[in-house]
Amino acid sequence: MSDQYEVLRNVFGYDDFRGDQDQIVSHVIGGGDAVVLMPTGGGKSLCYQVPALVREGCAVVVSPLIALMADQVGALQQLGVRAAYLNSTQFPEDRAEVERAYLAGELDLIYIAPERLSQRGTREFLARGRLALIAIDEAHCVSQWGHDFRPDYLALGELAEIWPDVPRIALTATATRRTHEELTSRLHLENARHFVSSFDRPNITYRIEPKASANKQLLDFIRTEGVVDGEPATGIVYALSRKSVEKIAEFLAANGVNAVPYHAGLDRRVREDTLHRFLREDGIVVVATIAFGMGIDKPDVRFVAHIDLPKSIEGYYQETGRAGRDGLPSVAWMAYGLADVMNQRRLIDQSDGDAAHRRVQSQLLDAMLALCETPTCRRQQLLGYFDQQIEPCGNCDTCLAPPATWDGTVPAQKLLSTVFRLDREFNRSAYGAGHLIDILLGADNARIQQQGHTRLSTYGIGTELDGSGWRSVVRQLVALGIIVPHGDYGVLRLTEKAAPVLRGEQTVMLREDVKATPRVRKASRPVSAAPDLSDEDRNLFEVLRRWRAGVAKEAGAPAFTVFSNKTLEEIAAVKPSSRDELLGVSGIGQAKLDNYGDQVLEILAEFESA
Ligand code: ADP
Ligand code: ZN
């Protein structure tokens, strides 16, 4: 049996473990259980793949993503690893062959969906072979409150009793204390060691801007910042509803963006096709609901855009984390406005859950709103939510262009007092933001006339702000919980927090809305797939990239499973002249050397002599 460092070098072609990987791998090889919390792109897979190759027997990897299993296994086979999967998409004879190989001890890893693993037949079958370990990927799916909850994950707790001697490792990129505790107890990992990494993703720039005309803002953003080496970059746009997903995708496509919709209402085959295209094509933009993204390991997603407000910071962080796994500069961008807050509040009010559930949802939303309105570092706020402290990051919109704050007490009082007077003098509090703002601006429209609202003492007293200034005030007052939308029509009511503001006992500091201009990236240098190369080396890099595209196409595999950009970049910079030197390149192990080494050396020789 080889040790973990040999496996890391020979199979994966890497020199060193990253972060906690070394400790996690040793612990699992030694037979211990582990709970691993690591951000997306942190390197979770190696934490179970290396022990799978070192320990005797075959590792079972529980993965919820049937559509991705073939690619995951394909990537391992590219490394010369004996991997396979069992799922319902297989022909019976293929499944029989996998089962035979498992029983004959010819497999190192086998991927199985949780549904299948909860079946008695599967467990009896696995018991006839030898298990090296059980890895539970995306382990937050066991959490009831989690946004990816999968009932079949609950049954995975039983594995502890069935195989008490087989080490189990649960991994997730969701880091809240509640999820952590929940998965530990539900998966019966009471005796596990816990490895919690820093959740910082320094290469992602976070930006949240006020929504004015969302589609146009999105298009501007994609045109200016969704570009790598002058070519359209790969990105994901998240929207809340299926309808808006389709509309936005259509709008983007009509404007020349290679955009495709993805949501749970589409036919399964259409969804799988989109997934495959996303993994294989460059410059594709998937517009999706949250149904898209879990487990997708495409390394060069350059941006994640949110056109609607996410329901929680957990969700937002998972989704934005899909950008920049390769460590290169990437952007998480969001447009957010008053209507988003109103919508989310309404959805919570109307949800089926009990009062406790609604209270939790409401707290999650409050934290999300606090992130949107914070005048301080976004990243500090984000990581603070996961109980992790950092210094101001210098790579978010508030760090790069600190927003001014202003004393909004007087405008707040004017607005609150309008709501208060409407209730007292007209016996009605049933008005939305638009009407309140019309009153404050002294608008002279039919509705105001009909209702006699020109008689209000606050009529026309708010001309120090314009309509968008007032909407910003309303949005922030809602975010602060001083007013709340009520019922279906976005009617605004005062909360108990309004009284001290009205009485002048509390000041209200507001954030100056920054104008929606995509200027942050322009200041820094444009993103490139290989930022550190000289012009000549970049040409070589492009030659290698084209060669890789051909190889990938022939193999029907995503390009990054042949070689990562990082590996190609290193080859272009170092220009190895022998197989031995190639082995020194990060990402080239024995199997990749055997499969592609000679071709790469040939390309290098040709390039040198040209
Ligand atoms: P996660 O599952 O945590 O999102 P992955 O396991 O997909 O992350 O790893 C992210 C990227 O980092 C992959 O391209 C992987 O090959 C690379 N990687 C992981 N560990 C190492 C390492 N020790 N050295 C170099 N690259 C690594
Ligand atoms: Zn910052």
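The structure is a predicted model, in which local features need pLDDT of at least 70 and side-chain atom pairs count only at pLDDT 80 or more, while totals for chains, interfaces and linings use all residues. Residues are numbered from 1 along each chain as its sequence is written, chains are lettered from A and ligands numbered from 1 in the order in which they are written, and side-chain values use heavy atoms, with hydrogens and water left out.

For comparison, the ideal angle for four tetrahedral donors is 109.5 degrees. Buried means under 20% relative accessible area, exposed over 50%, and partly exposed in between (1.4 Å probe, protein chains only). Cysteine 393 counts as partly exposed because its relative accessibility is 25%, and cysteine 399 is also partly exposed, at 23%.

Attention now turns to ligand 1. This ligand is surrounded by 14 residues, each with a heavy atom within 4 Å of it; the closest are Tyr14, Gly41, Lys44, Ser45 and Arg325. The shell divides into 4 nonpolar, 6 polar and 4 charged residues, where Ala, Val, Leu, Ile, Met, Phe, Trp, Tyr, Cys and Pro count as nonpolar, Asp, Glu, Lys and Arg as charged, and the others, Gly among them, as polar. A polar backbone atom of lysine 44 is 2.8 Å from an oxygen atom of ligand 1, and a polar side-chain atom of arginine 325 also lies 2.8 Å from an oxygen atom of the ligand. Taken alone, ligand 1 exposes 560 Å², of which the protein buries 78% (Shrake-Rupley method, 1.4 Å probe).

Which helix gives the most to the shell around ligand 1? Helix 3 (residues 44-54) does, with 3 residues; helices here are DSSP runs (H or I, at least four residues), numbered from the N terminus. Helix 3 is mostly covered, as 10 of its 11 residues are buried, including Lys44, Leu46 and Cys47.

Conventions. A polar contact is a pair of N or O atoms within 3.5 Å; within protein, one must be able to donate a hydrogen and the other to accept it, and residues adjacent in sequence count only if both atoms are side-chain atoms. Helices (H or I, at least four residues) and strands (E, at least two) are DSSP runs, numbered from the N terminus.
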